[in-house]
Amino acid sequence: IIPLAVRSIPQPLLGPYPTGFHTLAYYIPNVYEWMRYGVDWWRFTATAPLFYCILLSARILGFQMVPFLKVVSPVLHGFLGLAIYGYASKGLDWSRWKSLFVGLLATLYFTALRVSWDMLRLQLGLILLFASLTLFQSALKGKRLRSHLFFSLFAALTVLAHQLSAVIMFACAAGFTLSRLNRAGIS
């Protein structure tokens, strides 16, 4: 709630105007262009379309893009804090207070607040990345099919959310897997 509240401060100060460059340069024009002219398969997959699909769904349901993005931005920032807290507490087995400190530090630092102004696709990718890493850790610890399926679902959503988040997720998963194989004595 704290990252959401802090990120919500600029929204009423700006009145009807959105924050950030990407909001006006990419998100809103792309949504209206895709609605009017459609989009081909290659361009759709090359853009990591999850966030655009959310925006298109909201627009089809009748939401105006600028007010919708003014609400979504702080909500995503709040979920990023929650995802970091969840990874620190469940994935790294840190204490609740240490995890809370890391979650607040990571989301209230000025660079994270700057990213939350307009890089909403990246923020969604980071949320899904931390959720994927948390689920990956639980999948490594247990042998249950359910944890592997949830990790696979969130890994696919991470790939669809942002390219950089997908690369980081695969690098971390490869590192965790190699580390586990090394500890097991398999070379």
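## Exercises on an all-helix model

Helix α5 (residues 50-60) has these buried residues: Leu50, Phe51, Tyr52, Leu55, Leu56, Ala58 and Arg59. Buried means under 20% relative accessible area, exposed means over 50%, and partly exposed lies in between (1.4 Å probe, protein chains only). Helices (H or I, at least four residues) and strands (E, at least two) are DSSP runs, numbered from the N terminus.

The model is predicted, so local features need pLDDT of at least 70 and side-chain atom pairs count only at pLDDT 80 or more, while totals for chains, interfaces and linings use all residues. Residues are numbered from 1 along each chain as its sequence is written, and side-chain values use heavy atoms, with hydrogens and water left out.

### Exercise 1: the whole protein

State how many helices and strands the protein has, and what share of its residues is buried.

Solution. 
- Step 1. The protein has 11 helices and 0 strands, so its pattern along the sequence is written α-α-α-α-α-α-α-α-α-α-α.
- Step 2. Of the 187 residues, 40% are buried.
- Step 3. The C-alpha atoms fill a box of roughly 60 × 40 × 25 Å, taken along the principal axes.
- Step 4. Take the contacts (heavy atoms within 4.5 Å) between residues at least 6 apart in sequence: 72% of these join residues at least 24 apart.

### Exercise 2: the surroundings of α5

Which helices do the buried residues of α5 pack against, and which residue with positive phi follows α5?

Solution. 
- Step 1. The buried residues of α5 pack against α3, α6 (65-91), α9 (120-141) and α10 (145-161).
- Step 2. Gly62 follows α5, and its phi is positive, near 105 degrees.

### Exercise 3: salt bridges

Find the salt bridges of the structure and say how exposed each partner in them is.

Solution. 
- Step 1. Side chains of opposite charge can pair when their charged atoms come close.
- Step 2. A salt bridge is a side-chain nitrogen of Lys or Arg within 4 Å of a carboxyl oxygen of Asp or Glu. Lys and Arg count as positive and Asp and Glu as negative; His and the chain ends are not counted.
- Step 3. A search of the whole structure gives 2 salt bridges.
- Step 4. One joins Arg43 to Glu33, with the closest N and O atoms 2.9 Å apart. The pair links distant parts of the chain, since Arg43 is in helix α4 (residues 41-46) and Glu33 is in helix α3 (residues 21-37), 10 residues apart.
- Step 5. Arg43 counts as partly exposed because its relative accessibility is 33%; Glu33 counts as partly exposed because its relative accessibility is 32%.
- Step 6. Another joins Asp118 to Arg114, with the closest N and O atoms 3.0 Å apart. These residues are 4 apart in helix α8 (residues 110-118), so about one helical turn separates them.
- Step 7. Asp118 has 1% relative accessibility and therefore counts as buried, whereas Arg114, at 37%, counts as partly exposed.

### Exercise 4: a buried arginine

Arg7 is buried; describe what its side chain contacts.

Solution. 
- Step 1. Arg7 lies in helix α1 (residues 2-8).
- Step 2. Arg7 has no salt bridge: the nearest side chain of opposite charge, Asp118, is 8.1 Å away.
- Step 3. A polar contact is a pair of N or O atoms within 3.5 Å; within protein, one must be able to donate a hydrogen and the other to accept it, and residues adjacent in sequence count only if both atoms are side-chain atoms.
- Step 4. The side chain of Arg7 makes such a contact with the side chain of Ser116 (2.9 Å). The side chain of Thr19 also makes a polar contact with that of Arg7 (3.1 Å).
- Step 5. Leaving out residues up to four places away in sequence, Arg7 touches Thr19, Ser73, Pro74, His77, Ser116 and Trp117.
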